[in-house]
Amino acid sequence: YVSGMLTRLGQESAALLVGSTRGPSYVHDRLGLGARRESLVGAAAYLALWLTFLGGGTLGAFALGRIELWSLALPAAALVLAAAADWWRPSYP
């Protein structure tokens with residue numbers, strides 16, 4: 001998942017740098033990437049997600065060194081809350 005996300009970040013960044021062309025374009029035609037504005041939004045979203053993964057891993061490693069097994073309490077609680085929310089109001093039709 002992470003490698004695919006980094007690939008999409010690279011593709012959106014390339015589309016942002018290349019911009020729109022008048023003729024055929026690999027970035028736009030084959031990859032299906034849109035205009036610069038759409039690529040900016042996509043690249044920003046992928047970058048924010050990647051930085052969230054990086055920050056979570058760093059914070060988790062720091063917390064594991066400080067409070068050991070209790071560092072899993074917050075992620076476990078988030079999973080329980082997400083499961084309860086999905087049970088209460090399913091995300092599928």
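At 41% relative accessibility, Val 18 counts as partly exposed, a class that lies between buried (under 20% relative accessible area) and exposed (over 50%), with a 1.4 Å probe and protein chains only. Val 18 has its place in helix α1.

The structure is a predicted model, in which local features need a pLDDT of at least 70 and side-chain atom pairs count only at pLDDT 80 or more, while totals for chains, interfaces and linings use all residues. Residues are numbered from 1 along each chain as its sequence is written, and side-chain values use heavy atoms, with hydrogens and water left out. The pLDDT is the predictor's confidence in each residue, from 0 to 100. The protein averages a pLDDT of 84, and 86% of the residues score at least 70. Among the elements, helix α2 (residues 26-30) has the lowest mean pLDDT, 68, whereas helix α4 (residues 73-88) has the highest, 92.

The protein has four helices and zero strands, so that its elements run α-α-α-α from the N terminus on. Here helices (H or I, at least four residues) and strands (E, at least two) are DSSP runs, numbered from the N terminus. Of the 93 residues in the protein, 16% are buried. The accessible surface comes to about 7,500 Å², of which 69% belongs to carbon and sulfur atoms; such areas come from the Shrake-Rupley method with a 1.4 Å probe, and for residues only the protein chains shown count as cover. A contact means heavy atoms within 4.5 Å. Among the contacts with a separation of 6 or more, 54% are accounted for by residues 24 or more positions apart.

Helix α1 comprises residues 2-18. Its 17 residues should span 24 Å at 1.5 Å a residue, and its end C-alpha atoms are 24 Å apart, which agrees; the expected span is 1.5 Å times one less than the number of residues. Which residues of α1 are buried? They are Met 5, Leu 9, Gln 11, Glu 12 and Ala 15. Seen down the axis of α1, these buried residues fall within an arc of 165°, so they line one face of the helix. The arc is that of the directions from the helix axis to the C-beta atoms. An α-helix has 3.6 residues a turn, so residues three or four places apart point the same way. The face turned away from the buried side of α1 carries the exposed residues Ser 3 and Leu 17.

Glu 12 in α1 is buried, with a relative accessible area of 8%. Its side chain makes a polar contact with the side chain of Ser 39, at 3.4 Å. A polar contact is a pair of N or O atoms within 3.5 Å; within protein, one must be able to donate a hydrogen and the other to accept it, and residues adjacent in sequence count only if both atoms are side-chain atoms. Not counting residues up to four places away in sequence, Glu 12 touches Leu 33, Glu 38, Ser 39, Gly 42, Ala 43 and Tyr 46.

Ser 39, Gly 42, Ala 43 and Ala 63 are buried in α3, and the buried residues of α3 pack against α1. Tyr 46 also lies in α3, but is partly exposed, with a relative accessible area of 24%. Residues up to four places away in sequence aside, Tyr 46 touches Met 5, Arg 8, Leu 9 and Glu 12. Tyr 46 and Arg 8 are 38 residues apart in sequence and 7.4 Å apart in space, C-alpha to C-alpha.

The loop between α3 and α4 contains Glu 68, which is exposed, with a relative accessible area of 56%. Glu 68 has a positive phi of about 50° although it is not a glycine. Most residues other than glycine have a negative phi. Ser 71, found in this loop too, counts as buried at 17% relative accessibility. A polar atom of the Ser 71 side chain lies 2.7 Å from the backbone oxygen of Glu 68. Leaving aside its neighbours within four places in sequence, Ser 71 is in contact with Ala 63 and Leu 64.
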